[in-house]
Amino acid sequence: MEGYFGDFGGSFVPPIIKENLDKLYEVFKEEKDNREFKAQLEQLLKDYSGRPTPLYLAENLSKEKGAKIYLKREDLNHIGAHKINNTLGQALLAQKMGKKKLVAETGAGMHGVAVATVAAKFNMECIIFQGALDVERQDDNARRMKALGAKIVPVHEGEQTLKEAVDAAIGYWVENANDTFYMLGSAVGPHPYPEIVRYFQSVIGNEAKKQIISKEGRLPDKVVACIGGGSNAIGIFSAFIEDESVKLVGVEAAGEGLHTNRHAATLTKGRPGVLHGMKTFVIQDDNDEISPVYSIAAGLDYPGIGPEISHLFSKERLTAAYCDDKDAVDALFYLSKKEGIIPAIESAHAISWVLKNDFKKDEIVIINLSGRGDKDLARIL
Ligand SMILES: *Cc1c(COP(=O)(O)O)cnc(C)c1O
């Protein structure tokens with residue numbers, strides 16, 4: 001069924017939103033096969049963001065693990081993370097639709113920075129809704145968004161964090177849909193967003209597949225990525241889903257531990273439900289109320305997960321793993337000292353999984369290094 005990945009996905013939204021989503025899907029379907037659109041996107045990814053990103057053989061780490069460990073260097077993108085792949089693509093769509101404003105919500109500010117960046121580049125107005133508490137906590141990203149010319153609207157409702165910011169941003173979009181484009185930051189939400197975000201992030205996997213075949217002459221044995229909403233994961237996994245020999249591992253945030261209720265391990269601890277317009281795995285209590293979640297990594301701190309990831313997990317194509325805060329911090333410093341690369345605390349969850357597991361000699365493993373970790377050091381130290 002359109003908009004579904006097996007049992008997951010769909011579009012659980014009021015009719016007024018559905019109408020806007022249908023329009024967006026029409027434009028997306030048309031543009032993604034349009035030669036001019038594809039050429040524009042390719043050029044932006046290359047000249048603006050610096051793609052292709054390298055596939056780097058981490059030699060010191062490989063020696064330690066007795067296997068070949070490669071890092072897909074999404075940290076080397078402009079703005080230091082994979083999020084720019086998606087916002088560049090969606091900005092092009094917004095432009096094709098004649099929109100003048102970009103609206104989005106942000107939690108810790110990383111998606112907000114990615115949206116503010118492309119708004120500046122495409123000469124569009126940018127309105128970012130952020131929970132008032134988050135605005136205070138994340139003044140560094142708030143400063144970046146301001147420097148880029150975005151307008152930040154603090155949301156004072158409820159808990160004053162991401163959930164209320166989502167509601168406020170969608171509310172604004174519905175009232176201003178004629179000239180406003182709503183940008184979603186991960187492969188989540190109602191159809192068609194999971195499909196659109198997957199499409200724009202699939203550049204990661206397409207590049208990695210070509211690169212590993214040119215370096216090793218064969219497919220990898222394992223591909224490992226951290227999962228928040230699942231956009232960097234589905235981005236790299238997408239190229240390998242049909243290759244049954246390649247094991248796909250998604251690493252979730254176990255926060256302070258799975259035995260506490262301060263974690264964000266959606267596949268491991270959640271069950272199917274409806275959240276943000278999609279049917280997917282959700283961390284919820286016995287009354288189907290969304291539970292509060294927690295991770296040291298702001299990008300992984302989400303009670304849901306992309307519907308395609310839920311589908312791959314439920315049909316056992318993807319293995320779910322988890323890593324707690326402490327192990328993620330250890331992995332961050334380990335990679336920094338071992339390879340001279342400071343990973344984002346989100347990406348460090350995937351690295352930790354590799355550190356904790358044993359591999360056969362000559363096994364080939366690719367870790368998606370979703371972002372750089374400079375942003376995390378002050379807080380962690
Ligand atoms: C936002 C973010 C993530 C988590 O988002 P996904 O949609 O799950 O990829 C992971 N790593 C970094 C560096 C991020 O900025």
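A polar contact is a pair of N or O atoms within 3.5 Å; within protein, one atom must be able to donate a hydrogen and the other to accept it, and residues adjacent in sequence count only if both atoms are side-chain atoms. The model is predicted: local features need pLDDT of at least 70, side-chain atom pairs count only at pLDDT 80 or more, and totals for chains, interfaces and linings use all residues. Numbering starts from 1 along each chain as its sequence is written, and side-chain values use heavy atoms, with hydrogens and water left out.

**Exercise 1.** Describe the polar contacts and the surroundings of the ligand.

Step 1. A polar side-chain atom of Ser370 is 2.7 Å from a nitrogen atom of the ligand. In the side chain of Ser186, an N or O atom lies 2.5 Å from a ligand oxygen atom. Gly229 contributes a backbone N or O atom, 3.1 Å from an oxygen atom of the ligand.

Step 2. The protein buries 97% of the 390 Å² that the ligand exposes when taken alone (Shrake-Rupley method, 1.4 Å probe).

Step 3. The ligand is surrounded by 16 residues, each with a heavy atom within 4 Å of it. The closest are Lys83, Ser186, Gly230, Ser231 and Ser370.

Step 4. By class, this shell has four nonpolar, 10 polar and two charged residues; Ala, Val, Leu, Ile, Met, Phe, Trp, Tyr, Cys and Pro count as nonpolar, Asp, Glu, Lys and Arg as charged, and the others, Gly among them, as polar.

**Exercise 2.** Is Lys65 buried or exposed, and which residues does Lys65 contact beyond its neighbours within four places in sequence?

Step 1. Lys65 counts as buried because its relative accessibility is 16%, and buried means under 20% (1.4 Å probe, protein chains only).

Step 2. Beyond those neighbours, Lys65 is in contact with Val354, Leu355, Lys356, Asn357, Asp358 and Phe359. A polar atom of the Lys65 side chain lies 2.8 Å from the backbone oxygen of Leu355.

Step 3. Lys65 and Asp358 are 293 residues apart along the chain, yet their C-alpha atoms are separated by 7.1 Å.

Methods
Buried means under 20% relative accessible area, exposed over 50%, partly exposed in between (1.4 Å probe, protein chains only). Contact means heavy atoms within 4.5 Å.
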